[in-house]
Amino acid sequence: MEYFTLFISAVIVNNFVLTKFLGLCIFFGVSKNLNASIGMGMAVTSVMTLSSMLAWVVYNFVLVPLNLTFMTTAVFVLLIASFVQLLEMIIKKQAPALYNMWGIYLLLIATNCVVLAVPLLNAESSFSFLKSVVYAVGSGLGFALAIILMASLREKLRLADVPKPLEGLGIAFILAGMLALAFTGFSGMITL
Amino acid sequence: MKNLWDIFKKGVIVENPIFVLALSLCPALAVTASAITALTMGLSVMFVITANNVVVSLTRKLVNPKVRVPVYITSIATIVTLVQLLLQAFAPELYKALGIYLALIVVFAIILARAEVFASKNSVIPSFFDGLGMGTGFTLALLLIGCIRELLGAGSIFGIPVIGDWYDPALIMILPAGGFILIGYLVGGFKMLTEYMEKVEAKKGDA
């Protein structure tokens, strides 16, 4: 039950994009296109899960015993960046079909706040391994949900008559504001 | 001297990191619910970007281009850790308020972008001013958003009430939704402003 609440909280109540403002660069950059958004959502979820696992192991078995927790930020960044780089090479070689589908997004998320934030939050709240994984999957799916919703809205927006100065980024922000307003309705539903 | 001023100025207006380049948006929303956190974040980023530009520029002839990105990231991460430790020691409350976003300065696209685009190709002094200019533009943008959100959402600036009791604060401005919508309009406004300025310049050219 505890895991279920954590999961729901990460997906909806504390949605990473709409309540914590993480991963906005990708969120606004990619959401112009629905298919790209689905690919990006998948890529972020998987990278987030795998890198949280890796970061959990490094944090609890290397940094904590050696009293090096002040280096967490630096270690996590390098760890995730090199891990994503490695993942890209493996996928390119082993599963070219998969690579064609979302390989290009991998490099974009190598140094991204949304992927770095989950391991950092896990370390901060000293989650157990299983909890970290559940939290990472939930956060990834929450990101995917937000970006897919946004992309669908923006596809409709193409037909709309937007005032000239607001075209592009301006209207995208306002749209995200509306979406965030809708998600505010969930706030307070689960308190951790 | 004129040149350095131009480098500085470009970061503040023409290439404002937030409103024009739309880089590093996460902090622009996350920490701007009040003016003081916005200012701290802006100054931290200004310090990191300037220090990193200097480091990258100093080492630009020593670093093999093939490994430049990991080198930049290591340098940025070191400087950010420094800022974290300093804030934790001297301003623990602000450190708490900024929370995870302080650590996330490491992955701000703007810092890596300046290192790659400017500092890796220029000598130390112009790089220093480039970092300072970009940092100032960033800080001013954050401060602007922070002041508007705090003023409308809580009726105060830097925690000092400026609007009387008659004002009923609009809570939405402090919520995430208000931040998104405000930035949307600010981006639009900035676009109008730069277009207007270009028109004025063009007219001057004709005369």
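These legends go through several close-up views of a predicted model.

Residues are numbered from 1 along each chain as its sequence is written, and chains are lettered from A and ligands numbered from 1 in the order in which they are written. Because this is a predicted model, local features need pLDDT of at least 70 and side-chain atom pairs count only at pLDDT 80 or more, while totals for chains, interfaces and linings use all residues.

**View 1. Chain A, helices from end to end.** Chain A has eight helices and zero strands (helices are DSSP runs of H or I with at least four residues, strands are E runs with at least two, and both are numbered from the N terminus). The C-alpha trace spans about 60 × 45 × 30 Å along its principal axes. A compact globule of 192 residues would have a radius of gyration near 16 Å, and the 18 Å of chain A agrees (taken over C-alpha atoms; the rule is 2.2 Å times the number of residues to the power 0.38). Some 44% of the residues of chain A count as buried, that is, with 20 or more other C-beta atoms within 10 Å of their own, those atoms being placed from the backbone.

**View 2. Helix α8 of chain A.** This one covers residues 169-184, and its 16 residues should span 22 Å at 1.5 Å a residue; the end C-alpha atoms are 22 Å apart, which agrees (the expected span is 1.5 Å times one less than the number of residues). Buried residues of α8(A) include Gly170(A), Phe173(A), Leu179(A) and Phe183(A).

**View 3. Leu116(A) in the largest nonpolar core.** Of the 107 residues in this core, Leu116(A) is among those touching the most other members, along with Val44(A), Val77(A) and Leu104(B). Helix α7 of chain A (residues 129-157) brings the largest share, 10 residues. (A nonpolar core is a set of buried Ala, Val, Leu, Ile, Met, Phe, Trp, Tyr and Cys residues joined through C-beta atoms within 7 Å.) Leaving out residues up to four places away in sequence, Leu116(A) touches Phe76(A), Val77(A), Ile80(A), Leu104(B) and Val107(B); contact means C-beta atoms, placed from the backbone, within 7 Å.

**View 4. Where chain B meets chain A.** Here 31 residues of chain B are in contact with 35 residues of chain A. On the chain B side, α9(B) gives the most, with 10 residues.

**View 5. Helix α7 of chain B.** Among the buried residues of this helix (109-119) are Ile110(B), Leu112(B), Arg114(B) and Phe118(B). The buried residues of α7(B) pack against α3, α4 and α8 of chain B.

How values were computed. Buried ≥ 20, exposed ≤ 12 C-beta atoms within 10 Å, placed from the backbone. Contact = placed C-beta atoms within 7 Å.
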